[in-house]
Amino acid sequence: MRHLPLRTIFLTLAAVCAFMVTFVSCEKEVHINLGSSPSQVVVEGAIETNVPPYVILTSTISFFSDVSLTTLQNSFLHGANIKVSDGTDTITLKEYSIDTGLNNKFYVYTIDTAALPNIMLGQVNKFYTLTIVYNGKTYTSVTKIPNPKGLDSLWFGPPAQTNSKTPDSAKQLFGNYTDPDTPGNYVRYFTEINGQPFYPSGIFSDAIVNGKTVDNIALYAGYNNSIDANGDSLSYFYPGDTVTLKWCEIDQKVYTFWNTEQYAASAAGNPFATPINVQSNISNGALGVWAGYGSILYTLVVR
């Protein structure tokens with residue numbers, strides 16, 4: 001390939017800059033009223049093996065809003081009629097408020113613990129239909145709890161990749177996995193450390209590895225990334241930690257939601273990233289996901 005002389009390149013840049021200065025100097029001041037778009041219903045709901053369903057119902061927040069605990073609390077939607085059906089039984093979820101201890105509350109819809117017939121626990125290979133009626137509109141979704149294929153083995157070892165910020169004592173969880181010979185297997189996994197909450201850690205698809213054994217899969221620790229945290233240290237495990245891995249089989253639509261959501265989150269603020277729409281599996285224009293998780297738990301101690 002022929003390279004342009006530096007003088008030609010500098011002259012070209014100078015011409016472009018001169019054009020831009022001329023163009024800017026001639027333009028009129030334009031005021032654009034972006035306005036505000038109508039708020040949308042946002043659903044985060046799930047049902048897991050041997051665990052009752054839950055739904056967190058909120059509305060979208062304006063792009064220009066100041067995000068605070070008060071803003072988040074005001075985004076919760078109350079008084080919705082929410083039902084979950086497994087094709088045989090149908091239950092109505094009850095709204096609960098939870099005091100966070102930070103002068104605000106968190107709201108969730110789940111089973112009515114005072115009504116024993118209203119108990120529903122997730123079972124593998126069952127389909128679950130979610131129906132939400134709120135403010136005169138109905139939103140629906142269907143998900144399945146797949147029968148999970150567990151990992152062949154798990155162990156801790158030195159991290160697969162490190163940098164100058166990776167602590168010397170950091171350990172990574174590794175696993176071997178044999179994928180079933182039928183296509184369309186999707187996994188989302190979570191980790192819990194020393195009794196803390198489960199945090200999502202990653203997702204997988206068998207699009208490339210269908211029916212194959214995959215060795216040395218590097219599994220990372222999940223953590224609360226909503227705070228300013230050092231992922232170079234929190235992505236790993238440390239000697240003495242008691243770690244529980246929750247390995248969950250999910251259906252294709254749930255995988256697509258979390259895959260697009262993960263990409264959109266990682267691309268936020270990057271002007272060179274390809275724009276992507278997060279693909280919800282909720283009807284009638286609602287955002288979010290109704291997810292079935294076929295889960296298997298593994299508990300190990302880091303040595």
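Ser280 sits in the loop that runs between helix 4 (252-267) and strand 15 (287-301), where helices (H or I, at least four residues) and strands (E, at least two) are DSSP runs numbered from the N terminus. This is a predicted model, in which local features need pLDDT of at least 70 and side-chain atom pairs count only at pLDDT 80 or more, while totals for chains, interfaces and linings use all residues. Residues are numbered from 1 along each chain as its sequence is written, and side-chain values use heavy atoms, with hydrogens and water left out.

With a relative accessible area of 27%, Ser280 is partly exposed; buried means under 20% relative accessible area, exposed over 50%, and partly exposed in between (1.4 Å probe, protein chains only). Not counting residues up to four places away in sequence, Ser280 touches Phe257, Ala286, Leu287 and Gly288, a contact being heavy atoms within 4.5 Å. The C-alpha atom of Ser280 is separated by 9.6 Å from that of Ser141, a residue 139 positions away along the chain.

## Overall make-up

The protein chain contains 4 helices and 15 strands. Of its 303 residues, 36% are buried, and among contacts with a separation of 6 or more, 63% are accounted for by residues 24 or more positions apart.

## Nonpolar cores

In soluble globular proteins, nonpolar side chains tend to be buried together. The largest nonpolar core has 22 residues, and those with the most contacts inside it are Val55, Leu57, Ile82 and Ile132; such a core is a set of buried Ala, Val, Leu, Ile, Met, Phe, Trp, Tyr and Cys residues joined through side-chain atoms within 4.5 Å. At least two residues of this core come from each of strand 1 (41-48), strand 2 (51-59), strand 3 (81-85), strand 7 (126-134) and strand 8 (137-145). A second, separate core comprises 18 residues, including Tyr177, Tyr189, Ile193 and Leu245.

Ile132, one of the residues with the most contacts inside the largest core, touches Val43, Val55, Leu57, Ala80, Asn81, Ile82, Lys137, Thr138 and Tyr139 when residues up to four places away in sequence are not counted.

## Aromatic pairs

A search of the whole structure finds 12 aromatic pairs, defined for rings of Phe, Tyr and Trp (its six-membered ring) whose centres lie within 6.5 Å, with planes under 30 degrees apart counted as stacked, over 60 as edge-to-face and the rest as tilted. In one of them, the rings of Phe204 and Trp247 have centres 5.9 Å apart and planes at 35 degrees, so the pair is tilted. This pair links distant parts of the chain, with Phe204 in strand 12 and Trp247 in strand 14 (residues 242-250), 43 residues apart.

Phe204 is partly exposed at a relative accessible area of 30%, whereas Trp247 is buried at 1%. Together with Tyr177 and Tyr189, Phe204 and Trp247 form one aromatic cluster.

## The second largest pocket

The second largest pocket holds about 210 Å³ of space. On a 1 Å grid over the protein atoms alone, a pocket is an open set of points where a 1.4 Å probe fits, with protein on both sides within 12 Å along at least five of seven lines, and lining residues have an atom within 4 Å of a point. Its lining consists of Ser39, Gln40, Val41, Ser59, Leu77, Tyr134, Asn135, Lys137, Tyr139, Asn284, Gly285 and Ala286, which divide into 5 nonpolar, 6 polar and 1 charged.

Most residues other than glycine have a negative phi. Asn50, in the loop between strand 1 and strand 2, has a positive phi near 65 degrees and is exposed at 59% relative accessibility. Asn103, placed in the loop between strand 5 (94-99) and strand 6 (105-110), likewise has a positive phi of about 65 degrees, and its relative accessible area of 81% makes it exposed.

Val209 lies in the loop between strand 12 (199-205) and strand 13 (213-219) and counts as partly exposed at 25% relative accessibility. Leaving aside neighbours within four places in sequence, Val209 is in contact with Asp179 and Val214. Ser233, in helix 3 (residues 231-234), is buried with a relative accessible area of 17% and touches Pro167 and Tyr238, not counting residues up to four places away in sequence.

How values were computed: Grid points are joined across faces, edges and corners, and a volume is the space filled by probe spheres set on the points. Ala, Val, Leu, Ile, Met, Phe, Trp, Tyr, Cys and Pro count as nonpolar, Asp, Glu, Lys and Arg as charged, and the others, Gly among them, as polar.
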